[in-house]
Amino acid sequence: MRRKPIVALVYDFDGTLSPGNMQEFGFIQAIGQTPQEFWTKSDQIATDDDASGILAYMKLMFDEAKKNGIELRKEEFQKFGEKISLYDGVRGWFKAINEYGEAHGVIVEHYINSSGLKEIIQGSPIAKEFKHVFACSYIYDENGVAQWAGNAVDYTAKTQYLFKINKGILSSRDNKEVNESVAEDKKRIPFNHMVYFGDGETDVPCMKIVKMFGGNAIAVFNPANDKKRAQARKLLRQQRVNFITPAVYTKDSRTYRLVCAILDKIKAEYDLKQFTRYE
C-alpha cells in the first residue's frame, strides 16, 4: 500500500485549457483560410461521406497543407503549438496544484485526453507538464512527413484512455493489457482518484464514467461566453458533472479552491481507509 495516493487530473484541451481549437492558432492561417471556412469544409466532408468528424478534419489538414506546399512534419506542428492561447492562469496552474498536493500528502499527475492533435499539444507552452498526452496523431514516413492518420480520438474513444490511466498504461496502441482483469486494489489510479476537466457535450461520456465510478467531473466554461456558461449549468442540472467552474486557473480562482478541496477529500478518504485494515 502506498503512503500517498496518486491523483490523476485529466484534461480535455480545446475549450478547457485553451479558448479555441488548436488548429486556429497558426495552421488555418497558414493555409489562407478562416476558422469558419475550415470547419465548414471539415463538417461537409464528414456529412458527404458519413465519416468520423475527427478523421474528416485530419484529412482536410493533410489535403490543404499539400495544396499550399506545407509539409506536415512534427516540427511544423509543434511550431503551431507554440502559438496556442491559454486561459488565464493555466501556465502556473500545474506548479501550484503540484505544490499543494505535495504539501498535503497527495501525488498529482496531469494527463491530456483530447480529440486535438498530439503533435500540436507537444509544442504548446505547457507540454512538459503532462505525464502523458492521449490525442489524435499522424503516421510519418521515413522523411518525417505525415502520411496517414495514426490515431483518431472521438468523444467515445476518449473513454478508453480513462481505463488506461486507471491501470497505468501509457500506450495508445495497447488493446490487450487494458482489457485484462486486474483487482481493484492493484490498479494504479482508482477512478475515485480521478478529476476530469471538460468544456462541453463531447466530454460527457468521460465525465459520466469518472462520476459514476466515484471520481469528480468538472465542466469548465469560458467566463466571457454566456452560451458556454449555460451549457455548463445544463450539464450540472442533468447530473452529468459534479461541479462547474469558470476556466480561470489562477491561485485565487474558484477552480483552484475546488480542486484543492477535492484533493483534501481524496487524502482524507485514503487515510480513513487505512483503518479498515487491522493486523
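Residues count as buried under 20% relative accessible area, as exposed over 50%, and as partly exposed in between, with a 1.4 Å probe and protein chains only as cover. The model shown is predicted, so local features need pLDDT of at least 70 and side-chain atom pairs count only at pLDDT 80 or more, whereas totals for chains, interfaces and linings use all residues. Residues are numbered from 1 along each chain as its sequence is written, and side-chain values use heavy atoms, with hydrogens and water left out.

View 1. At 31% relative accessibility, F163 counts as partly exposed, and its place is in helix α7, residues 158-167. Helices here are DSSP runs of H or I with at least four residues, strands are runs of E with at least two, and both are numbered from the N terminus. Together with M212 and F213, F163 makes a nonpolar surface patch of about 310 Å². Such patches are made of residues with over 30% relative accessible area and no salt bridge, where like charges are joined within 9 Å and nonpolar side chains (Val, Leu, Ile, Met, Phe, Trp, Tyr) within 5 Å. The accessible areas come from the Shrake-Rupley method with a 1.4 Å probe.

**View 2. Helix α7 and its cover.** Eight of the 10 residues of α7 are buried, so this helix is largely enclosed by the rest of the structure. Among the buried residues are K158, Y161, L162 and I165. The cover over the buried residues of α7 includes β1 (6-11), β2, β3, β4, β5 (194-198) and α8 (204-212), where contact means heavy atoms within 4.5 Å. Just after α7, G168 takes a positive phi of about 80 degrees.

**View 3. The salt bridge between K158 and D203.** The side chains of K158 and D203 meet in a salt bridge at 2.9 Å, N to O, the term being used for a side-chain nitrogen of Lys or Arg within 4 Å of a carboxyl oxygen of Asp or Glu. K158 lies in helix α7 and D203 in the loop between β5 and α8, so the pair ties together parts that are 45 residues apart in sequence. Both K158 and D203 are buried.

View 4. Seven strands form an open sheet with mixed pairing, in the order β4-β3-β2-β1-β5-β6-β7, two strands being paired if DSSP finds at least two bridges between them. Strands β4 (146-151) and β7 (243-246) stand at the edges with a single partner strand each, so one side of each is left without a neighbour in the sheet. The twist averages 25 degrees from one strand to the next; axes are lines fitted to C-alpha atoms, for helices over the stretch in contact, and angles run from 0 to 180 degrees between N-to-C directions. Strand β6 (residues 216-221) pairs with β7 in the parallel sense over four bridges, and A219 stands opposite I244 in β7. Helix α3 (residues 53-67) lies across β2 (107-117), β3 (132-140) and β4, and runs at about 50 degrees to β3.

**View 5. A loop residue with positive phi.** D50, although not a glycine, has a positive phi of about 50 degrees. D50 is placed in the loop between α2 (35-49) and α3 and is exposed, with a relative accessible area of 72%.
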